[in-house]
Amino acid sequence: MSLVVFPFKSEDADVATANLETAAHHPRVTGVLAVGAEPGRLFELLAGESSRISTSTKVPVEVILQDRIGDRRSGKGDGMNTAMRRFLTGDNERLHFYDADITNFDASWIEGAEKAADDGFPVVRHYFPRASTDAMITWMLTRPLFAIGHSRSQLWQIPQPLGGEVLLSRGVVEKLVDDDFVTSRSDWGIDTVITYATAGTGPMYEHFVPGGKQHALYGSLEELRAMVYECFEAALAVGEMPPPSPFEHEVEPEAPATPAIAHKVGYDVESTIRLLTEGWTATEAEAARTFPRHIAGPILANQREPTFAFLDGEGWYETLVHLIDAYRPEPAWRSLVFRLWVARVLAYTTTDALAGHSRAMEVLEQTVVDYASRR
Ligand code: GDX
Ligand code: MN
């Protein structure tokens, strides 16, 4: 008995409807829930579709609005926390989360997770191959900060700690809804804190999806601004928490990325370079001057011209270590952390990423391993 949940905000209605339908048709699924960010056209449309799907499948399909639960920007976190509370009012045993915008969502995702749960794993995460310039928040912020903050734990070995595709069994959800660290994170940081809060509480299984996750694409990295600093702040907060206890972590072996994934370009470089030089304020420059001089110099050079080559693996490590102490959740620092992340992504894209997909992935992984071994 499983409930499948899709948080949604502004997605393609046909894609979201097809996903509700796929979930409702699965024999293991006894309920489907879509949690919307706000009322409006998409919300009304999905509400209409949900009653049609309920009637034809005899599985309850509900579309609800998220409650205000956390104390940060109201975003995906409020959506997921609303879903977990709602799940506990029913009698389903398992809760699956999937993003509403996945275009290759099919029964195999549900099956992969259910099978691992049948084998006794209360937490199942889906992971999949990604383009070498995709997942840049995971690769440059979350895994490095986990590696620095909890170097001896298995936390940084979780391949996709920001993934929104997970199965949680009832006992796990009960813990999460009682955990302020999770309920307060109403923004993009929710996936980070759920990853932390589910690590160390029992076995964890990683289900590999060979075809990857196809979903709505970004234009410029600018679209990720809030996600960058919100995920960064969540990962910093995790760094201040006690390390998770050792846990059984079974990771399905991964297969090489298909050519379509390996050759995909993650973002537009030209429109991204401008983000280095635009919009500097005096307070942001002041924040930049707190870095050690050999890093502060090239950061501040971006006020005049794009400068990013200094953020190789070594430069980035020093940058993160300084941020861990100096960062404040204020506009100037948020702008600076986004700018630094853009510079790091460009430095990587113009060097390691050019070496081909499999080499680039090795370098990314090795960099995280190196960060952990320095602590
Ligand atoms: N209820 C609700 N409220 N749903 C939301 C909100 C919100 O405020 N904002 C976004 N969503 C939904 C959205 O409709 C989609 O279904 C899902 O959350 C993910 O959003 P999307 O814009 O597709 O994000 P993206 O960039 O694909 O990010 C996903 O992967 C990231 C990653 O792995 O890098 C998402 O699961 C992120 O949480 C994750 O960090
Ligand atoms: Mn998406």
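**Cavities, pockets and the ligand site**

The largest cavity has a volume of about 50 Å³. The structure is a predicted model, in which local features need pLDDT of at least 70 and side-chain atom pairs count only at pLDDT 80 or more, while totals for chains, interfaces and linings use all residues. Residues are numbered from 1 along each chain as its sequence is written, ligands are numbered from 1 in the order in which they are written, and side-chain values use heavy atoms, without hydrogens and water.

Rolling a probe the size of a water molecule over the atoms shows where empty space is left. Here the search runs on a 1 Å grid over the protein atoms alone: a cavity is a set of points where a 1.4 Å probe fits but cannot get out, a pocket is an open set with protein on both sides within 12 Å along at least five of seven lines, and lining residues have an atom within 4 Å of a point. Points are joined across faces, edges and corners, and a volume is the space filled by probe spheres set on the points. By this rule there are five cavities of 30 Å³ or more. Lining the largest cavity are Asp134, His215, Ala216, Leu217, Tyr218, Lys264 and Gly266. That lining divides into three nonpolar, two polar and two charged residues, where Ala, Val, Leu, Ile, Met, Phe, Trp, Tyr, Cys and Pro count as nonpolar, Asp, Glu, Lys and Arg as charged, and the others, Gly among them, as polar.

The largest pocket holds about 1,100 Å³ of space. It is lined by 44 residues, and Asp99, Asp101, Trp188, Tyr218 and Met227 are the closest to its centre. By class the lining has 20 nonpolar, 11 polar and 13 charged residues.

What takes up the space of the largest pocket? Ligand 1 does, by the criterion that more than half of its atoms lie within 2 Å of the grid points. Around ligand 1 are 24 residues, the closest being Pro7, Glu11, Ala100, Asp191 and Tyr218; a residue counts if one of its heavy atoms lies within 4 Å. This shell has nine nonpolar, seven polar and eight charged residues, and β1 (2-8), β2 (29-36) and α3 (76-89) each supply at least two.

An oxygen atom of ligand 1 lies 2.8 Å from a polar backbone atom of Pro7, and one lies 2.9 Å from a polar backbone atom of Lys9. For the side chain of Asp191, the distance from one of its N or O atoms to an oxygen atom of ligand 1 is 2.3 Å. The protein covers 93% of the 750 Å² of accessible area that ligand 1 has on its own, by the Shrake-Rupley method with a 1.4 Å probe.

The second largest pocket has a volume of about 440 Å³. Of its 21 lining residues, Tyr127, Trp139, Glu254, Met361 and Glu365 lie nearest its centre. α16 (357-374) and α5 each supply at least two lining residues, and α16 gives the largest share, five residues.

Note on methods. A polar contact is a pair of N or O atoms within 3.5 Å; within protein, one must be able to donate a hydrogen and the other to accept it, and residues adjacent in sequence count only if both atoms are side-chain atoms. Helices (H or I, at least four residues) and strands (E, at least two) are DSSP runs, numbered from the N terminus.
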